[in-house]
Amino acid sequence: MTSNISCASCRELLPWYVAETLTPADRTAVEAHLAGCADCQREVAFWRAVGETLEAVTPEPSVSLPEAESWRAIQRKIALAPILPLAARNHAKKERPLMSERELNLPPAEPAPIKSSSSGSAQRWPYVALVAAVIIIGLAATIFGVFGPQLRQVHNAKRAAGCTPSAMQANIPANATLDDISLDSPTDGWAVGEITKPHGNTADPASSGSLLLHYQNCVWKEAAPSVPGVVYQSIVMNSPSDGWLVGGKLFGPNFGGFIYSSTFLMHYTGGRWQTVKTKIDTGSQGAYLRMSGPTDGWLLTAGGAFWMNELYHWQGSAWNKVTLPHAFQNGQIGGLAPSDGALWLIGVTYDNHVDNGSPLIGEYANEQWQTWELSYGPGQMPALAALHIDAAGHVWVLGRYPAPGSDSNPQQPRDLPYILRYNGINFDQIATSTTAPHSELLFTAAIDQPDGGIVAIGAASPVNASGMPETQLNALSLRCGPTASIGCQFQPFPLHNISLVDTISMDSPTQGFAIVLTMGQNGDLTSSLAYYDAGSWTLLRS
Amino acid sequence: MESDDLALLERVAAGDEEALRELTERYRAPLRRYLWRQLRGDARAVEEAVQDVFVAVWRGAAGYRGDAKVVTWLFQIARYLALRARRKELRHAGDVSLTLEDGDERQADWLSASYEDEVVDRLALAGALEQLSEKHREALELVFFFGFSADEVARILETPVGTVKSRVSYARRALLLALGGAPAKPAKPAKGRQS
């Protein structure tokens with residue numbers, strides 16, 4: 001008996017015939033052909049053997065987290081607005097996607113005005129339920145001061161004034177991730193991060209080591225040997241002879257296989273880095289440091305025991321704890337910026353049962369907190385990603401909100417910029433252009449412009465032909481202001497092949513360095529340094 | 001099952017956490033199994049990715065277009081997340097695989113060698129499966145282990161159906177090569193790599 005499909009057509013269908021996933025019509029055709037074809041019958045035997053063997057050899061995954069705890073972790077995540085957490089900007093950067101987890105399709109939303117503001121001391125904040133005590137265990141051990149290298153500055157800087165961008169060089173070791181950068185003068189600066197062993201076990205703390213770069217004589221290069229099991233997360237230089245660095249000593253794997261770190265501080269004074277003994281709480285998800293001067297500094301340790309964030313204030317003699325409002329204690333803090341003795345914070349509340357995580361802005365001044373909580377409907381929450389205080393003292397909040405697809409691609413929801421500027425009493429939302437063709441949008445920093453406006457810097461992921469977000473990111477910029485009525489417009493980012501412009505440190509109103517990420521052909525991201533000069537960018541050669 | 005899945009997804013889109021939990025219970029195990037190999041048995045990364053699949057479902061359920069089965073969508077998201085998580089490993093992806101090149105689907109019917117003897121030895125077959133390149137192995141797993149149709153595999157892998165069939169065909173050739181039963185030469189030599 002013969003059938004009307006060929007051996008070739010039959011064999012093409014046989015894997016699915018054996019797997020029993022053919023349509024009835026295809027199945028009938030295959031069976032008719034098989035009845036008269038011994039060769040194809042042998043082919044069926046082959047695929048059966050393959051299917052059965054595959055079943056037998058496919059490994060049963062080991063469980064890293066009990067089901068109930070896995071579900072609680074999911075609950076935590078869905079409670080958070082899609083924001084790049086502080087942790088992702090610190091040592092966890094390699095292990096987390098740069099983009100948010102938000103995926104594929106989102107309900108359309110239009111931005112709504114800020115609903116209300118609240119003010120007063122921390123005690124007047126509405127209570128937000130504590131995160132269930134499931135996230136972190138065993139973080140009691142603190143080892144501040146007992147480890148950490150005594151870093152010695154090898155030589156005094158011989159200042160080289162007037163480096164041209166083409167003369168600048170960045171000797172960044174292989175497999176390095178830069179997390180923070182700080183310029184203390186046009187010719188002197190530091191950057192910190194980590195070096196990860198290639199093919200290293202990500203659950204092994206020793207697979208990561210510290211990285212400290214120093215910029216002198218037009219060259220960025222390593223200033224100290226890498227210390228295994230230690231990462232440097234944030235750095236601020238107040239002057240060439242005074243600076244602070246915060247790092248984490250990794251330990252784990254712990255609950256769920258995650259690596260945690262205990263926070264330590266180092267002070268650069270007298271030409272050397274030395275560990276400072278202090279009673280700061282551990283920050284398992286990283287730590288962040290910002291200062292407005294030698295006697296005004298702020299340290300945030302993120303996600304310590306029970307996901308609690310802690311804030312410390314340096315006023316010249318000690319790091320003293322400042323009580324965070326409850327919502328900031330438990331939420332994710334996306335940025336902090338000091339200004340004239342005050343501190344600004346942005347983040348998102350974490351409360352599973354009340355409001356599913358609202359974007360939040362806070363100002364701490366005169367020992368009082370004032371906060372603004374943004375109120376939007378489900379699926380419409382903006383995510384706040386970066387804070388910028390311009391030279392005139394205006395506070396800018398950079399973020400994004402989920403929006404419907406564009407006219408040319410209505411099926412693909414996308415992010416649009418969500419830009420706020422503080423008017424001294426409340427926040428104005430700045431209108432932005434709506435031609436964005438990307439599905440994910442992320443702002444990381446901003447640079448003042450001579451006219452009083454800013455250029456917001458970040459990255460976006462484009463949408464491919466089949467409507468799916470690309471895995472790659474492309475750097476972009478948005479020109480805002482100088483007045484609110486002018487709004488913001490996208491403008492091309494002048495450097496090609498840059499995936500993300502991360503932290504920027506300016507050493508003058510118009511010049512500075514930025515940590516940038518470039519994506520290789522294989523999709524791996526590499527930290528590099530770029531020089532900014534009045535609107536032009538130069539990627540430093542290595 | 002699919003109608004149940006759709007009903008669950010509708011509830012998820014309406015903000016019903018319990019529905020998401022049911023979906024999680026239903027598909028956590030197969031997703032973990034799929035991601036286990038995709039993420040090289042890194043239990044932490046697998047757990048993180050599985051969680052993120054359902055976070056993505058939570059955030060995207062309202063926009064689910066229904067042009068693929070719910071389970072296909074879940075695997076599509078899982079693969080996307082796995083690719084992102086593996087970005088740093090991609091350059092080493094070919095280290096342990098056979099060096100067969102994909103051709104186009106017109107070359108699917110080239111093998112005429114005898115192979116009865118080889119398939120008898122399941123141990124050898126297990127070894128041959130271990131030597132398959134990741135993408136060939138992934139295609140076979142999606143077909144046989146997870147039971148997806150050719151169209152569904154194509155959707156998950158974001159590739160044309162013809163390429164899926166081509167990958168399965170080349171997986172077969174690679175298996176036979178590894179088993180020692182060298183097949184007859186293809187009708188025309190494969191040129192270049194096709195994704």
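A residue is buried when its relative accessible area is under 20%, exposed when over 50%, and partly exposed in between. The exercises below concern a predicted model.

**Exercise 1.** Determine whether Cys7(A) and Cys40(A) are buried, partly exposed or exposed.

*Solution.* Step 1: the relative accessibility of Cys7(A) is 31%, so Cys7(A) is partly exposed. Step 2: Cys40(A) has a value of 0% and therefore counts as buried.

**Exercise 2.** Decide whether the sulfur of Cys40(A) is within bonding distance of the closest cysteine sulfur or too far for a bond.

*Solution.* Step 1: a disulfide requires two cysteine sulfur atoms within 2.5 Å. Step 2: the closest cysteine sulfur to that of Cys40(A) belongs to Cys37(A), at 3.5 Å, which is too far for a bond.

**Exercise 3.** Explain what the disulfide of Cys163(A) and Cys218(A) ties together, and give its handedness.

*Solution.* Step 1: the sulfur atoms of Cys163(A) and Cys218(A) are 1.8 Å apart and form a disulfide. Step 2: Cys163(A) lies in the loop between β2 and β3 of chain A, and Cys218(A) in the loop between β6 and β7, so the pair joins parts 55 residues apart in sequence. Step 3: the angle about the S-S bond is -80°, and the link is left-handed. Step 4: Cys163(A) is buried at 17% relative accessibility, as is Cys218(A) at 13%.

**Exercise 4.** State the handedness of the disulfide between Cys480(A) and Cys488(A).

*Solution.* Step 1: the two sulfur atoms of Cys480(A) and Cys488(A) lie 2.2 Å apart in a disulfide. Step 2: the torsion about their S-S bond is about 115°, so this disulfide is right-handed. Step 3: both Cys480(A) and Cys488(A) are buried.

Note on methods: Residues numbered from 1 in each chain as written. Chains lettered and ligands numbered in written order. Predicted model: local features only at pLDDT ≥ 70, side-chain atom pairs only at ≥ 80, totals over all residues. Heavy atoms only, no water. Helix = DSSP H or I, 4+ residues; strand = E, 2+ residues; numbered from the N terminus. Buried < 20%, exposed > 50% of the residue type's maximum accessible area, 1.4 Å probe, protein only.
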